Amino acid sequence: MTLLPTATLVLLHGLLASEAAPEIPATAQKHWLSPDRAFVPWSRQPARWFGAFEFDAGFLYLRPRFELGYGKPHSSWVGLDLNPIFTDEGVAGYAGLRIAQPYWHLRAGGRAWYTFYRSFLVPQYSYSVEDIERQVGPRSRFLTWEAELGADLPLGPGEVEAEVAGSYVTRVPDGFYVYEETLRVVVNPPWVWRARVAYLWEYFAHTLQLGPVVEAAGVPRRGTVVLRAGGLVRITLSGDLEARGTFIPPVATRDALGTRGGDAFLVGIRYRWATAP
Amino acid sequence: MSHRAAPVLSAALLVTVIHSASARAEEPKRGESSRVMGAPVHWDPAWPEFQTGEWIASGVGLAALLASRVLPQPSAHWQGGIGFDEAARDALRLHTPASRRRARDGSDIGITISASWPFFDALVVAGWYRDSPELGTQQALISAEVLAVTAGMQGLVSLFVSRERPYGRECAGELPEAQLPAAQLPADTRDCSNRDRYYSFYSGHSANSFAAAAVNCMHHAYVPLYGGGAADNWACVGMFGVAATTALMRVATDVHYVSDVLVGATIGTATGLLLPWALHYRYGATQSRAGQPSSSSELHLTVLPLLSPSWNGLMGVLVF
């Protein structure tokens, strides 16, 4: 019986994994802290059972993500995603399942938010930052179930990245709305949808990716859609370290949430690690 | 700076930097295994590497910051301005809640740019563009230490001084209704009901922005990350410009008095200059060109008084 999950995952991984071998930047073949030691790129490592983590840090957030699964860590794998989130607004935890393959990924799970200061919101047509910071209801603590399908496909001198996601927000008391801290929209529960498309050009032997992104998030029961647009930049510093910038402010929205209306200005690094083969 | 203009401006700056970098570098053909980038820069062996004590200092700084957010606040608070605080508030404070909110977003973006800039230069410019990760790592650690120590000191001082932010006088419930100003804040808004209302002295945004600018100026003073000469000097001017704009917006948005941001800027600048110099750079020489040490390691900080009928202040000039 104990071999059954392994056999299932091996079979699943074998069925899903394509042996596509995209070009690997030279910097991705180095360790950041010991550049003389060869780093086997994640997509070329052997499939195995592994534990791994991805650590996003910037001003001012920490987002570690733990992965437990089978396959090639951070590349093509199947398993469990655990994602604690620490910000100055509150703490959250996400747990879910993920299937990641060379050109697509699918994840589904639940995220619980415990905010430090924010309360649930009294329903109104639109919201300002002052509105979402008024403490007029019970403390905002909620659970969001979420599924996301993403794809990244080579196209011309770069690649297209696309994501669609559906979220189901729960544990909001009747008669209240909630500011969903991760999606950055005011929600009349339960449904929220989100779609994002980006095109990233590649420079410097594929170590620099840079391009525009457009994102829409809709709340059907409020009859509102938030449109965001901006840019993404990623620089492969080494196989295990990446610098990232996300600049996606809201550009068309009923609400006036300023930088809280999107990932308006996030700059940070992402460090990746996994247990050895 | 509006919250929408700031990302666009920053993206334009980033594209300019990248364009300038790519203009100097020979773009490799697809499939080539190595990049042709900037000349390497090296950590001078005479400069002590990041030491155990510095890890401890950084940890203590972060612990102090955390403690400042959870320890009980004093029951009595310092309220009101000193010296020219009230006159400066009248002159600089934006008049509508919406404009103050935009300035607050702008100050948040400003400190994000300030705090990220040293790490961009260390990891991306030194580590990636100049293929010198050893130096990049050392500079990133020093910058992190400066920010942690600065944030820890600021957090504890703010906790114990417990000065009410300027907007606090407009929180409903604090004054008889007849005396409330027209633009009062609801008592249940986070700014009024939260303990953060009493963290005015001194400004964390200003201290950390100026500390980040100062420590990165020290890195540029000793290592020609941008190639040496005017480029590195202008980077320093730009960083202090962003820090000064951030500090100004904290006053405009009515979350700090001028005295809060001046003290924050002074302490941040001093920490950012002295800590890396005392623990690292004073032991070796500057590098005037990438990879080429020179013997000159002179660094001068001149502080000048600024006096006018309505303003008094200090201006620091760093010459290297």
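The legends below describe close-up views of a predicted model. Local features need pLDDT of at least 70 and side-chain atom pairs count only at pLDDT 80 or more, whereas totals for chains, interfaces and linings use all residues. Residues are numbered from 1 along each chain as its sequence is written, with chains lettered from A and ligands numbered from 1 in the order in which they are written.

**View 1. Helix H4 of chain B is bent at B:Phe120.** H4(B) covers residues 97-129 and bends by about 35° (the angle between axes fitted to the seven residues ending at a residue and the seven starting there). Helices are DSSP runs of H or I with at least four residues, strands runs of E with at least two, numbered from the N terminus. Of the 33 residues of H4(B), 30 are buried (20 or more other C-beta atoms within 10 Å of the residue's own, with C-beta atoms placed from the backbone).

**View 2. H4(B) packs against helix H7 (residues 204-222) of chain B.** The axes, lines fitted to C-alpha atoms over the stretch in contact, lie 9 Å apart at an angle of about 25°. H4(B) is therefore roughly parallel to H7(B) (angles under 35 degrees between N-to-C directions).

**View 3. The peptide bond from A:Pro189 to A:Pro190 is cis.** Its omega is near 10°. A:Pro190 sits in the loop between strands S9 (185-187) and S10 (191-203) of chain A.

**View 4. A:Arg184 has a positive phi of about 60°.** This residue, not a glycine, belongs to the loop between strand S8 (178-180) and S9 of chain A. A:Arg184 counts as buried because it has 21 C-beta neighbours inside 10 Å.

Definitions and conventions
A residue is buried if 20 or more other C-beta atoms lie within 10 Å of its own, exposed if 12 or fewer, and partly exposed in between; C-beta atoms are placed from the backbone. Axes are lines fitted to C-alpha atoms, for helices over the stretch in contact, and angles run from 0 to 180 degrees between N-to-C directions. Angles under 35 degrees count as roughly parallel, over 145 as roughly antiparallel, 65 to 115 as roughly perpendicular and the rest as oblique.
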